[in-house]
Amino acid sequence: MGFFATSGRWKTWSRVRTLFLAVAVVSYLGTEFGRFVLRPWVRENGFEDFGLTDTIGNWGGILVQIFVGLTILHPNRLQSFRLATFYAAGFILYEFLQPYLPKGTFDWNDVLGTLAGWIVAMVLLALVWKRFPEQA
């Protein structure tokens, strides 16, 4: 058994994998709706959303990345939590590296958005594995 995935497990399909794919698709559609429809609408109408639409690329994007990765690798329970944490840590590291990259800027709200998305992913994973323990 590997740290993030088990050899050969990626070749099989399961209800959990289907659920991961569904969460990835819904997260993607929700993130894009937020970025291209909701964010401009909030800004045009002067609503205070406490930065939610400004950081949707982070908190929505991390959900997409986590669940796409889970769909592809098809990890077991423990591996899925490790993988989710790995993705979130990568997003946060990237945010801290932004000032050293061309046109990059660091924003604490993006770090908080990533953490919020990671927490949502962890809750969703806990619910998935509680419902489908036999596939862990």
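Tutor: Here is a set of questions and answers about the labels used for this structure.

Tutor: Before we start, this is a predicted model, in which local features need pLDDT of at least 70, side-chain atom pairs count only at pLDDT 80 or more, and totals for chains, interfaces and linings use all residues. Residues are numbered from 1 along each chain as its sequence is written, and side-chain values use heavy atoms, with hydrogens and water left out.

Student: Which secondary structure elements does the chain have, and in what order?

Tutor: There are four helices and zero strands, and from the N terminus the order reads α-α-α-α. Helices here are DSSP runs of H or I with at least four residues, strands are E runs of at least two, and the numbering starts at the N terminus. The C-alpha trace spans about 50 × 30 × 20 Å along its principal axes.

Student: Why is H2 called oblique to H4?

Tutor: Two packed helices are described by the angle between their axes and the distance between the axes. Helix H2 (residues 56-73) and helix H4 (residues 108-131) pack at about 40 degrees, with axes 7 Å apart. That angle makes H2 oblique to H4. The cut-offs are under 35 degrees for roughly parallel, over 145 for roughly antiparallel, 65 to 115 for roughly perpendicular, and oblique for the rest. The axes are lines fitted to C-alpha atoms, for helices over the stretch in contact, and the angles run from 0 to 180 degrees between N-to-C directions.

Student: What is the hand of that crossing, and which residues make the contact?

Tutor: H2 passes H4 in a right-handed crossing. A crossing is right-handed if the near helix is turned clockwise from the far one by less than a right angle, and left-handed if anticlockwise. Among the contact residues are Trp-59, Ile-62 and Phe-67 of H2, and Gly-113, Trp-118 and Leu-125 of H4. Contact means heavy atoms within 4.5 Å.

Student: What is the make-up of this contact by class?

Tutor: The H2 contact with H4 has eleven nonpolar, four polar and one charged residues. In this scheme Ala, Val, Leu, Ile, Met, Phe, Trp, Tyr, Cys and Pro count as nonpolar, Asp, Glu, Lys and Arg as charged, and the others, Gly among them, as polar.

Student: And what makes H1 roughly antiparallel to H4?

Tutor: Helix H1 (residues 15-44) packs against H4 at an angle of about 155 degrees, with the axes 11 Å apart. This angle makes H1 roughly antiparallel to H4. The crossing of H1 and H4 is right-handed. Val-16, Leu-19, Phe-20 and Val-23 in H1 meet Leu-124, Leu-125, Val-128 and Trp-129 in H4. By class, that contact has eight nonpolar, no polar and no charged residues.

Student: Now the rings. How do you know that Phe-3 and Phe-4 form an edge-to-face pair?

Tutor: The structure holds nine aromatic pairs. In one of them, Phe-3 and Phe-4 are 5.0 Å centre to centre with 80 degrees between the planes, which is edge-to-face. Rings of Phe, Tyr and Trp (its six-membered ring) pair if their centres lie within 6.5 Å, and planes under 30 degrees apart are stacked, over 60 edge-to-face, the rest tilted. Phe-3, Phe-4, Phe-86 and Tyr-87 form one aromatic cluster.

Student: Why is Phe-3 called exposed, and what is the label for Phe-4?

Tutor: Phe-3 has a relative accessible area of 51%, so it is exposed. Phe-4, at 25%, is partly exposed. Buried means under 20% relative accessible area, exposed over 50%, and partly exposed in between (1.4 Å probe, protein chains only).

Student: Where is Ile-72, and why is Ile-72 called exposed?

Tutor: Ile-72 lies in helix H2. Its relative accessible area is 53%, so Ile-72 is exposed. Leaving out residues up to four places away in sequence, Ile-72 touches Trp-10 and Arg-17. Ile-72 and Arg-17 are 55 residues apart in sequence and 8.4 Å apart in space, C-alpha to C-alpha.
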